[in-house]
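Reader: I want the assignments together with the criteria behind them. Please keep it brisk.

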Amino acid sequence: SPAGMALSVLVILLLSVLYEALKMGKAVLLRRALLALPRSLSQEALTEPQEEGTDPAQGSPSLMGFPIFFHRWFRYHVGQTLFHVLQVVLGYMVMLAVMSYNAWIFLGAIVGSTLGYFV
């Protein structure tokens with residue numbers, strides 16, 4: 001029926017928009033995860049010389065804060081993994097819809113992808 005076809009095209013259009021939004025969300029989460037990482041320890045060893053008689057683990061703030069940075073990075077990594085799984089599932093759903101070889105469904109996927117990238 002025409003109403004069913006229009007609803008199908010609308011659903012595929014929205015799935016394509018959501019796919020693009022997830023792709024951008026994953027990129028933003030990656031940027032935040034990279035910013036959550038501490039500076040490299042070798043860089044700190046070069047810029048902050050150790051005093052004689054001190055324990056290296058006590059004097060370096062990055063070694064003391066390592067579990068905090070790791071925990072924050074791990075949360076971002078889990079978020080990225082969930083975003084990736086959702087993106088793959090949505091991508092396969094849109095691909096299966098396009099493989100129905102219906103021109104209207106195909107146009108809905110293209111328009112949805114374009115709108116999702118634009119927004």
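Author: Start with the helix criterion. Helices are DSSP runs of H or I with at least four residues, strands are runs of E with at least two, and both are numbered from the N terminus. On that basis, Asn-102 sits in the loop between helix 5 and helix 6. The model is predicted, so local features need pLDDT of at least 70 and side-chain atom pairs pLDDT 80 or more, while totals for chains, interfaces and linings use all residues. Residues are numbered from 1 along each chain as its sequence is written, and side-chain values use heavy atoms, with hydrogens and water left out.

Reader: What makes up the secondary structure of the protein chain?

Author: The chain has six helices and zero strands. Along the sequence the pattern reads α-α-α-α-α-α.

Reader: What makes Asn-102 a cap of helix 6?

Author: A side-chain oxygen of Asn-102 lies 2.9 Å from the backbone nitrogen of Trp-104, at the N-terminal end of helix 6. A polar contact is a pair of N or O atoms within 3.5 Å; within protein, one must be able to donate a hydrogen and the other to accept it, and sequence neighbours count only if both atoms are side-chain atoms. The 2.9 Å separation is within that limit.

Reader: Why is Asn-102 called partly exposed?

Author: Buried means under 20% relative accessible area, exposed means over 50%, and partly exposed is in between (1.4 Å probe, protein chains only). Asn-102 has 21%, so it is partly exposed.

Reader: How do you know that the length of helix 6 agrees with expectation?

Author: The expected span is 1.5 Å times one less than the number of residues. For the 16 residues of helix 6 that gives 22 Å, and the end C-alpha atoms are 22 Å apart, so the two agree. Helix 1 passes too: its 35 residues should span 51 Å, and its ends are 51 Å apart.

Reader: Which residues of helix 6 are buried?

Author: Ile-105, Gly-108, Ala-109, Gly-112 and Gly-116. Down the axis of helix 6, these buried residues fall within an arc of 100°, so they line one face. The arc is taken over the directions from the helix axis to the C-beta atoms. On the other side, Ala-103, Tyr-117 and Phe-118 are exposed.

Reader: Why is Tyr-117 called exposed?

Author: Its relative accessible area is 62%, over the exposed cut-off, so the label holds. The C-alpha atoms of Tyr-117 and Ala-21 are 7.4 Å apart, with 96 residues separating them along the chain. Thr-114, also in helix 6, is partly exposed at 48%. Thr-114 is 8.6 Å from Glu-20, C-alpha to C-alpha, at 94 residues apart in sequence.

Reader: What makes the pair Lys-23 and Glu-20 a salt bridge?

Author: The term needs a side-chain nitrogen of Lys or Arg within 4 Å of a carboxyl oxygen of Asp or Glu. The closest N and O atoms of this pair are 3.2 Å apart, so the pair qualifies. Both residues lie in helix 1 (residues 2-36), three residues apart, about one turn of the helix. The whole structure holds one salt bridge.

Reader: Are Lys-23 and Glu-20 buried or partly exposed?

Author: Lys-23 is partly exposed at 34%. Glu-20 has 6%, so it is buried.

Reader: Why do Met-99 and Tyr-101 belong to a patch?

Author: Patches are made of residues with over 30% relative accessible area and no salt bridge; like charges are joined within 9 Å, nonpolar side chains (Val, Leu, Ile, Met, Phe, Trp, Tyr) within 5 Å. Met-99 has 44% and Tyr-101 has 68%. Their nonpolar patch also includes Val-88, Tyr-92, Met-95 and Leu-96, and the accessible area together is about 680 Å². That area comes from the Shrake-Rupley method with a 1.4 Å probe; for residues, only the protein chains shown count as cover.

Reader: Where are Met-99 and Tyr-101?

Author: Met-99 is in the loop between helix 5 (66-98) and helix 6 (103-118). Tyr-101 is in the loop between helix 5 and helix 6. The phi of Tyr-101 is near 60°, a positive value in a residue other than glycine.
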